[in-house]
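I opened this entry to record what I looked up, in the order I looked it up. The fold comes first, then the ligand shell, then the annotated sites.

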Amino acid sequence: MFSLMANCCNWLKRWREPVRKVTLVMVGLDNAGKTATVKGIQGESPEDVAPTVGFSKIDLKQGRFEVTIFDLGGGKRIRGIWKNYYAEAYGIIFVVDSSDTERMEETKETMTEVLRHPRISGKPILVITSSV
Ligand SMILES: Nc1nc2c(ncn2[C@@H]2O[C@H](COP(=O)(O)OP(=O)(O)O)[C@@H](O)[C@H]2O)c(=O)[nH]1
Ligand SMILES: [Mg+2]
């Protein structure tokens with residue numbers, strides 16, 4: 001009986017918790033598998049994804065969290081826009097294609113630059129490796 005009451009209290013407490021909004025920014029080199037990863041999270045097939053032009057915004061609900069993921073284009077010339085999203089980001093998802101050994105140096109330099117940015121410092125980073 002006591003545990004039933006405790007369960008009910010917990011349930012009520014959770015029910016009263018406000019919905020929390022979390023923004024995550026997903027970066028990584030072009031072709032690393034960012035968009036495919038987002039598709040996977042959404043339960044869709046990672047195949048047949050077109051290269052991201054600019055960015056795409058994905059809204060998900062996870063429990064009491066409303067999660068927005070900005071899937072940013074990774075081409076060399078577009079990476080300059082990434083920093084515009086850092087301020088509103090709770091954390092960063094960095095996707096690495098672990099089978100692309102030729103671009104490991106470029107990955108390292110790009111990741112270093114992201115981590116060094118003052119608006120990123122101290123924020124959580126999730127590194128996801130993809131390989132096809
Ligand atoms: N089958 C499969 N294909 C993948 C996976 N990750 C990436 N790809 C393919 O790799 C290519 C590049 O992925 P994409 O998500 O567009 O990379 P992005 O530029 O980082 O967004 C696409 O043709 C995807 O279909 C995966 O986990 N499984
Ligand atoms: Mg993409």
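My notes on the model follow.

**Ground rules.** I am working on a predicted model, where local features need pLDDT of at least 70, side-chain atom pairs count only at pLDDT 80 or more, and totals for chains, interfaces and linings use all residues. Residues are numbered from 1 along each chain as its sequence is written, while chains are lettered from A and ligands numbered from 1 in the order in which they are written.

**Fold.** I looked up the secondary structure and found four helices and five strands. Helices (H or I, at least four residues) and strands (E, at least two) are DSSP runs, numbered from the N terminus. Along the sequence I read α-β-α-β-β-α-β-α-β.

**Overall shape.** I checked the radius of gyration, taken over C-alpha atoms, against the globule rule of 2.2 Å times the number of residues to the power 0.38. The protein has 18 Å, whereas a compact globule of 132 residues would be near 14 Å. Its C-alpha atoms fill a box of roughly 60 × 35 × 25 Å along the principal axes.

I then looked at burial. A residue is buried if 20 or more other C-beta atoms lie within 10 Å of its own, exposed if 12 or fewer, and partly exposed in between, with C-beta atoms placed from the backbone. Buried residues account for 20% of the 132.

Contacts came next; two residues are in contact if their C-beta atoms, placed from the backbone, lie within 7 Å. Of the contacts between residues at least 6 apart in sequence, 72% join residues at least 24 apart.

**Ligand 1.** Which residues are closest to ligand 1? I found A32, G33, K34, T35 and A36, in a shell of 17 residues. To be near, a residue needs its C-beta atom, placed from the backbone, within 6 Å of the molecule. Helix α2 (residues 34-41) gives the largest share of the shell, three residues.

I looked up UniProt, where an unreviewed entry lists T35 and T52 under "binding site".

Is T35 buried or exposed? T35 is buried, because 21 other C-beta atoms lie within 10 Å. T35 sits in helix α2. Beyond its neighbours within four places in sequence, T35 is in contact with V49, T52 and D71.

T52 lies in the loop between α2 and β2 (55-62). T52 has 18 C-beta neighbours inside 10 Å, so I log T52 as partly exposed.

**Second listing.** The unreviewed UniProt entry also gives G28, L29, D30, N31, A32, G33, K34, T35 and G74 as "binding site". These are spread over 47 residues of sequence but cluster in space, with a largest C-alpha distance of 11.4 Å.

A32 lies in the loop between β1 (20-27) and α2. A32 counts as buried because 24 other C-beta atoms lie within 10 Å. Outside four places in sequence, the contacts of A32 are G74, V95, V96, D97 and S130.

K34 is in helix α2. K34 has 27 C-beta neighbours inside 10 Å, so K34 is buried. Outside four places in sequence, K34 is in contact with M26, G28, D71, G74 and V95.

Definitions and conventions. UniProt positions are given in the numbering used here, feature names are shortened, and annotations may be inferred rather than shown by experiment.
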